[in-house]
Amino acid sequence: MLILCVCSAGETSKTRSLLCQSMQALLETARTPLPDHWDQTLDLPQVCAVHTLQALVRGSGLGVAVLQFAPAVAILSLTLLSSPCWAMRNAALQLFSSLCTRMLGQRPSGEEDGRHQHGMSPPAFFHHYPGLQPFLLAELSGAAQELQDPSNEAKLHLQPSLFPVLTLLAQLQPGVQDATATLSSFLPPLLQLSSSPIYNVRVMASRALVAMTPPSEYMSILSKLIVQLPGSQEPCCHNRLHGQLLQIRAVLERALCSLR
């Protein structure tokens with residue numbers, strides 16, 4: 001709270017040098033590798049730095065000034081979800097949740113299912129935070145690539161950053177005239193994640209697919225999904241079939257909503 005109060009009381013110019021110095025120092029501390037043998041009963045400086053970053057992100061006194069650091073903070077929090085230290089993973093998840101709320105706004109209470117009608121579109125989101133696009137795409141592609149190995153098809157292995165990334169993408173709202181160039185690279189890994197052995201990943205992948213598909217491409221993506229459905233005599237992976245049906249339903253529901 002002390003750092004938050006000091007940064008909030010600093011000069012409000014565009015540079016906000018005090019905030020910049022504080023954020024850079026905290027990011028550097030949080031990125032410091034953990035010692036080989038850390039004591040779980042002690043507060044590690046890296047964990048304290050992540051909690052302090054969360055306080056700065058949530059602080060209303062800083063307004064939107066903190067959003068200039070959003071890509072670096074998001075990448076840090078998603079990376080730290082793979083930390084062997086539980087306290088670090090817990091702090092990173094809290095930081096990512098607070099950052100998403102700051103970037104996208106608080107959703108109304110009646111929109112928990114992801115079918116919100118107002119929000120930031122994917123092109124607008126990546127225009128504001130261009131550094132996030134390659135990182136998020138790499139995380140999705142890495143998780144999808146693991147599923148292509150037949151030996152991993154039935155393994156309940158979850159890449160730590162996958163579900164938070166899907167949750168973030170699912171909160172975006174396609175615009176009426178969104179260009180497909182920004183979004184097309186996200187569609188293949190989202191389609192591949194339909195075969196995840198983890199139920200919640202399949203559900204969230206279907207929501208993220210809808211969010212990342214421009215309305216003009218609904219018919220194209222539906223045709224592609226339907227063609228990929230297995231025939232009556234073909235061997236069938238139930239996880240993949242369930243995921244494909246979830247994606248078909250999600251796209252159909254959004255397409256019907258857009259016609260109202």
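Helices (H or I, at least four residues) and strands (E, at least two) are DSSP runs, numbered from the N terminus. This is a predicted model, in which local features need pLDDT of at least 70, side-chain atom pairs count only at pLDDT 80 or more, and totals for chains, interfaces and linings use all residues. Residues are numbered from 1 along each chain as its sequence is written, and side-chain values use heavy atoms, with hydrogens and water left out.

View 1. From the N terminus, its elements run α-α-α-α-α-α-α-α-α-α-α-α. Of its 260 residues, 45% count as buried. Buried means under 20% relative accessible area, exposed over 50%, and partly exposed in between (1.4 Å probe, protein chains only).

**View 2. Helix 4 (residues 70-80) is largely enclosed by the rest of the structure, because 8 of its 11 residues are buried.** These are Ala 70, Pro 71, Val 73, Ala 74, Leu 76, Ser 77, Leu 78 and Leu 80. They pack against helix 2 (17-31), helix 3 (45-58), helix 5 (86-104), helix 7 (132-147) and helix 8 (162-170).

**View 3. In the largest nonpolar core, of 75 residues, Leu 136, Leu 166, Leu 169 and Leu 193 touch the most other members.** This core draws at least three residues from each of domain 1 (1-31 + 45-103) and domain 2 (130-145 + 160-259). Such a core is a set of buried Ala, Val, Leu, Ile, Met, Phe, Trp, Tyr and Cys residues joined through side-chain atoms within 4.5 Å. The domain bounds come from an automatic or database domain assignment.

**View 4. Leu 136 touches Leu 78, Phe 125, Phe 126, Val 165, Leu 168, Leu 169 and Phe 186.** Residues up to four places away in sequence are not counted. Contact means heavy atoms within 4.5 Å.
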